[in-house]
Amino acid sequence: MNQPIRRLAAAVVVAALAVVTAAMPAAAAPAGGNGQFGLTPVPDSSGVVAPYFTLTMTAGDSVTDTALVSNEGQLAEKLKLSPATGVTAGNGGSAFTQEFKGCSGTGCWISGLAREVALPAGTAERVPFTVRVPAGTPPGQYLAGLTVESATLPASVQVGTDGKATARAIIIERVTVGVAVTVGVLSRMTTRLRIPDVTGQAIGQTARLNIGVANTGQTFTHGLGKASCTVAGRNHSFGVYAATILPHGQAVIAVNAPGLPEGVSMPCAVRLAYGHGLIARWAGFVTVPVAPRPRIVHTGPGAYSLVPQNGIPIWGIALFVIGGLVLAVLVLVLLRLRRHSRVTSGPGASTR
């Protein structure tokens, strides 16, 4: 594997109850423990803990290994475990999906994993699992994972407040450790990184190069290099780092490029070193589009909207204005009807 897959410990907001509610005291502590748990490979005979599992297998074989689940907090924890499927993150690097859902891809290679463990404070438990590579799997490197989180839904916590209102969220702490599986002989595998395209983008006042990368080889790989563009005879260079890209994976590496003008087609080149002395190159013309400039549109009596210039067609703005006028007319009609109702139903009013 060209780059270690790091052990992930993510606090995932699964229910951003961005509901504004009446202010109330925050919960004293999440239910079911304090979220201080870990998941690693079992230490070797010298006490060294690997950052992730690495297995070399052949198609159709199975291997049993052991993970260590630990409760490092001061409260008892009931934890649930799940296989996970390794994927390439959208901006590069390894990520995991399908935790606590129906398995897919490499996540289905893992079996025999305990669904839950109960750990007193300050203890750990060995949890065995089996990896079985399906028959007929092509040679290459593959990524699965093991994920652990609290089995009890934690209480919501306050994440923001504004006067008499507050926003609360349920935050689930989750730890995932990678299971990297090499199927076949690594030395016989190809390592190949490609740069299909490069496009320009304007984020506010900042120019950006979006560099597409694709791993068309059989091994994990990453790239390091630079992008350069020439404007009016002046060369602008920017560092580029593409984190781990899994085989058959692709990502878009965003590189801030201050100094590049908007609306100008300019020659650019990208060079990424990867593997053992391999180089991926791209050259072509890139245009950073002109960022839309916001403008204020009068949409009704006392009503204004901030919209991007050229971002909404004329007919769309016309609808805004017409809608505002219709709303204003309806309000006036309702007010007059209400006033008329008060007059006709007041003291001394006659009815028929």
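## Disulfides and surroundings

Guide: C108 is partly exposed, since its relative accessible area is 38%. Here buried means under 20% relative accessible area, exposed means over 50%, and partly exposed lies in between (1.4 Å probe, protein chains only).

Visitor: Before we go on, where do these values come from?

Guide: The model is predicted: local features need pLDDT of at least 70, side-chain atom pairs count only at pLDDT 80 or more, and totals for chains, interfaces and linings use all residues. Residues are numbered from 1 along each chain as its sequence is written, and side-chain values use heavy atoms, with hydrogens and water left out.

Visitor: OK. Which residue does C108 bond to in a disulfide?

Guide: C103, with an S to S distance of 2.1 Å. A disulfide is called when two cysteine sulfur atoms lie within 2.5 Å. The link of C103 and C108 is right-handed, with 100° about the S-S bond.

Visitor: Which residues does C229 to C268 bring together, and how far apart are they in the chain?

Guide: The bond is 2.0 Å from S to S. C229 sits in strand β17 (residues 221–231) and C268 in strand β20 (residues 265–274). They are 39 residues apart, and the pair links distant parts of the chain. Strands are DSSP runs (E, at least two residues), and helices are runs of H or I with at least four, numbered from the N terminus.

Visitor: Why is the disulfide of C229 and C268 right-handed?

Guide: Because the torsion about the S-S bond is about 110°.

Visitor: Is C229 buried or exposed?

Guide: Buried, because its relative accessible area is 0%. C268 also counts as buried, at 7%.

Visitor: Switching topic. How many helices and strands in the chain?

Guide: One helix and 23 strands. The chain has 352 residues, and 36% of them count as buried.

Visitor: What share of contacts comes from residues 24 or more positions apart?

Guide: 70% of the contacts with a separation of 6 or more. A contact means heavy atoms within 4.5 Å.

Visitor: Now the core. How many residues are in the largest nonpolar core?

Guide: 33. A nonpolar core is a set of buried Ala, Val, Leu, Ile, Met, Phe, Trp, Tyr and Cys residues joined through side-chain atoms within 4.5 Å. V69, V131, L146, V179 and V181 have the most contacts inside the largest one.

Visitor: Which strand gives the largest share of this core?

Guide: β13, with six residues. Other strands that each supply at least two include β5 (62–71), β6 (77–88) and β11 (140–150).

Visitor: What is V69 in contact with?

Guide: Leaving aside neighbours within four places in sequence, the list includes L39, L79, L81, V127 and V148.

Visitor: Aromatics next. How many pairs turn up in a search of the whole structure?

Guide: Two. Rings of Phe, Tyr and Trp (its six-membered ring) pair if their centres lie within 6.5 Å; planes under 30 degrees apart count as stacked, over 60 as edge-to-face and the rest as tilted.

Visitor: What are the numbers for F53 and F129?

Guide: 5.1 Å centre to centre and 85° between the planes, an edge-to-face pair. F53 is in strand β4 and F129 in strand β10, 76 residues apart. Both count as buried, because F53 is at 3% relative accessibility and F129 at 1%.

Visitor: Why is the pair of W109 and Y142 tilted?

Guide: Because the planes stand at 50°, with the centres 5.1 Å apart. W109 lies in the loop between β7 (94–97) and β8 (110–111), and Y142 in strand β11. W109 is buried, since its relative accessible area is 9%.

Visitor: Which residue lies over the face of F100?

Guide: K80, at 4.8 Å from the ring centre. The rule needs NZ of Lys or CZ of Arg within 6 Å of the ring centre and within 35 degrees of the ring normal.

Visitor: Last one. In what order do the strands of the open four-strand sheet run?

Guide: β3-β5-β10-β8, with antiparallel pairing. Two strands pair if DSSP finds at least two bridges between them. β3 and β8 are the edge strands. β5 and β10 pair over nine bridges, and T64 stands opposite T130 in β10.
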